[in-house]
Amino acid sequence: MALLEVKDLNVYYGVIQALHNVSFQVNKGEVVALIGANGAGKTTILHTLTGLVDSESGSVMYNGEEITKVPGHKIVSKGMAHVPEGRRVFANMSVYQNLKLGAYTRQDQKEIADTLASVYDRFPRLKERRNQLAGTLSGGEQQMLAMGRALMSHPDIILMDEPSMGLSPLLVNEIFDIINDVHANGTTVLLVEQNAKKALSIADRAYVLETGKIVLEGKASELLDNDDIKKAYLGE
Ligand SMILES: Nc1ncnc2c1ncn2[C@@H]1O[C@H](COP(=O)(O)OP(=O)(O)OP(=O)(O)O)[C@@H](O)[C@H]1O
Ligand SMILES: [Mg+2]
């Protein structure tokens with residue numbers, strides 16, 4: 001069943017059209033990758049899903065409910081969490097305060113404490129550094145914090161915008177292991193990446209975006225074998 005179903009999305013920034021009839025779906029339990037070059041519109045898609053950018057036309061259905069015009073904070077409480085491009089942690093707040101903020105849509109303190117414990121289990125480095133100001137964390141640690149903060153809302157689906165950006169190969173592997181682990185624990189994942197090889201290696205299916213249009217879709221394993229994709233995105 002489609003957890004997320006996007007149909008014919010058209011988005012403009014002023015007179016410039018950033019998305020052209022974008023349609024795709026993410027089924028419950030899948031990892032779906034959205035790949036494309038700089039400026040293709042990947043972040044715009046995620047921002048439209050989370051209510052940060054308005055669409056001119058088209059629809060977004062989540063869990064069978066139309067959320068096209070629903071404001072961002074309500075979307076989080078429906079079970080969708082966003083790990084933004086460039087991490088965007090609150091630099092002047094501690095790791096702990098950042099994580100607590102991720103749970104702002106939840107009420108039950110016991111459940112929040114349980115989720116916090118599970119986030120600290122998954123990211124021991126965040127636990128060690130829980131009182132450190134987020135702005136002083138390394139890039140990799142900030143990425144972990146951004147992921148941990150998203151997990152604090154206990155999402156059904158997590159949208160990740162270029163989690164590997166700017167990280168060393170070793171850390172990229174670590175972040176992808178964590179994405180795999182989050183997925184194995186039952187969270188659906190929509191993954192935006194320029195690192196197409198890595199993204200396709202963990203995804204079930206993928207969509208390729210070029211200048212605001214979906215030009216190709218398929219099983220991730222098939223796209224990894226596709227000659228055009230190899231040339232354009234895998235450097236082969
Ligand atoms: N707020 C904005 N105002 C005007 N144009 C914008 C705005 N945000 C994005 N754009 C333009 O929309 C297009 C798509 O941008 P977007 O950020 O979605 O691309 P992207 O695929 O995420 O790229 P990258 O891989 O570099 O993050 C680009 O041409 C960009 O310049
Ligand atoms: Mg982007």
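So, which two strands pair in the parallel sense over five bridges? They're β7, residues 157–161, and β8, residues 188–193. To pick out one spot on that pairing, look at Ile-157, whose bridge partner in β8 is Thr-188. And before I go on: this is a predicted model.

Okay, let's zoom out to the sheet. It's an open one built from six strands, and if you read across, the order goes β6-β7-β8-β3-β9-β10, with mixed pairing. On the edges you've got β6 and β10, the latter being 213–219, and each of those pairs on one side only. Going from one strand to the next, the twist averages 15 degrees.

Now put a helix on it. Helix α6, residues 139–151, lies across β6 and β7, and against β6 it runs at about 170 degrees.

Next, the metal. Ligand 2 is a magnesium ion, and its protein donors are Thr-43, through OG1, and Glu-85, through OE, sitting 1.9 to 2.6 Å away from the ion. What I like here is that the pair links distant parts of the chain, 42 residues apart: Thr-43 belongs to helix α1, residues 42–49, while Glu-85 is in the loop between β6 (80–83) and α3 (95–102). Glu-85 counts as partly exposed because its relative accessible area is 28%.

Last stop, another threonine: Thr-115, over in helix α4, which spans residues 109–122. Buried or exposed, this Thr-115? Buried, because its relative accessible area is 10%, and the cut-off for buried is under 20%.

Terms used:
Residues numbered from 1 in each chain as written. Chains lettered and ligands numbered in written order. Predicted model: local features only at pLDDT ≥ 70, side-chain atom pairs only at ≥ 80, totals over all residues. Heavy atoms only, no water. Donors = N, O, S within 2.8 Å, 3.2 Å for Na, K, Ca; no water. Helix = DSSP H or I, 4+ residues; strand = E, 2+ residues; numbered from the N terminus. Buried < 20%, exposed > 50% of the residue type's maximum accessible area, 1.4 Å probe, protein only. Pairing = 2+ DSSP bridges. Axes fitted to C-alpha atoms, helices over the stretch in contact; angles between N-to-C directions. Contact = heavy atoms within 4.5 Å.
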